[in-house]
Amino acid sequence: MGHVDPDWSEQERRLVEKAQRALTALSLGDDAEALGEVAPSAADPQARADETKALMLLLFGECSAMVSTLGDGGSAPVKVQVFDEDGEEVSIDQADPPVRTAVRTLLAEVHGNTEAAQEQVEIALANAAPDEVDSLVLQALRWTIRLSVECLDRDLPVAPWISEAVSD
């Protein structure tokens, strides 16, 4: 592991490495380990929220890129699946409010509206209980894994730090 983009700041590098370890843990079926890897390290509540927001936006940005790649620039439909805490697929209507927010975030990002995506993440994190934040993070990690596996199966590009994490 450890694909590092020379243009990344130290903070971005640390975030990507945490996300990479979480993706590896989740792909091995260890949700608790995955959440432990991406748990905010700051003591200050605002700094903790900012860390989680940065992680979510990193993952949603990558998911958006993969959705666009899979959707061939929008000409092929891509289905967004929603999963419960056991990893079982549920309908969007049955999903918890934070997960519905995650879907809106991803859709905003896919449609190129990064500002709206940031607002959705802020709303979700401001209104979510700690376990709901965990479910949001797991949702983003699961989407990242599933989309990357789909892209890799089709020989489509995936960010190297993600492909390393899911193909170990």
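How many helices and strands are there in the chain? The chain holds seven helices and two strands, where helices (H or I, at least four residues) and strands (E, at least two) are DSSP runs numbered from the N terminus. Read from the N terminus on, these elements follow the order α-α-α-β-β-α-α-α-α.

This is a predicted model, in which local features need pLDDT of at least 70 and side-chain atom pairs count only at pLDDT 80 or more, while totals for chains, interfaces and linings use all residues. Residues are numbered from 1 along each chain as its sequence is written, and side-chain values use heavy atoms, with hydrogens and water left out.

**Confidence**

The predictor's confidence in each residue is given as pLDDT, on a scale from 0 to 100. The chain has a mean pLDDT of 85, and 89% of its residues reach 70 or more. Confidence is lowest in S1, with a mean of 72, and highest in H2, at 94. Where pLDDT is low, the predicted coordinates should not be read in detail.

**Core and contacts**

Of the 168 residues in the chain, 43% are buried, where buried means under 20% relative accessible area, exposed means over 50%, and partly exposed lies in between (1.4 Å probe, protein chains only). The largest nonpolar core has 49 residues, and the members that touch the most others are Phe60, Val137, Leu141, Trp143 and Trp161. Several elements each supply at least two residues of this core, including helix H1 (10-27), helix H3 (45-70), strand S1 (82-83) and helix H6 (130-153). A nonpolar core is here a set of buried Ala, Val, Leu, Ile, Met, Phe, Trp, Tyr and Cys residues joined through side-chain atoms within 4.5 Å.

If residues up to four places away in sequence are not counted, Val137 touches Leu35, Val38, Thr52, Leu55 and Met56, a contact being defined by heavy atoms within 4.5 Å. Gln139, which has its place in helix H6, is buried with a relative accessible area of 1%. With residues up to four places away in sequence again left out, Gln139 touches Gln81, Val82, Phe83 and Val99. Among the contacts in the chain with a separation of 6 or more, 63% are between residues 24 or more positions apart.

**Salt bridges**

Side chains of opposite charge can pair when their charged atoms come close. A search of the whole structure finds seven salt bridges, each being a side-chain nitrogen of Lys or Arg within 4 Å of a carboxyl oxygen of Asp or Glu. The table lists some of them.

| Salt bridge | Closest N and O atoms |
|---|---|
| Arg142 and Asp31 | 2.8 Å |
| Arg154 and Glu150 | 2.8 Å |

The pair of Arg142 in helix H6 and Asp31 in helix H2 links distant parts of the chain, 111 residues apart. Arg142 is buried, with a relative accessible area of 10%, whereas Asp31 is partly exposed, with a relative accessible area of 23%. The pair of Glu122 in helix H5 and Lys53 in helix H3 also links distant parts of the chain, 69 residues apart. Glu122 is partly exposed at 38% relative accessible area, and Lys53 counts as partly exposed at 21%. In the remaining pair of the table, Arg154 is partly exposed, with a relative accessible area of 45%, and Glu150 is partly exposed, with a relative accessible area of 32%. Elsewhere, a network of salt bridges links Glu10, Arg13 and Arg14.
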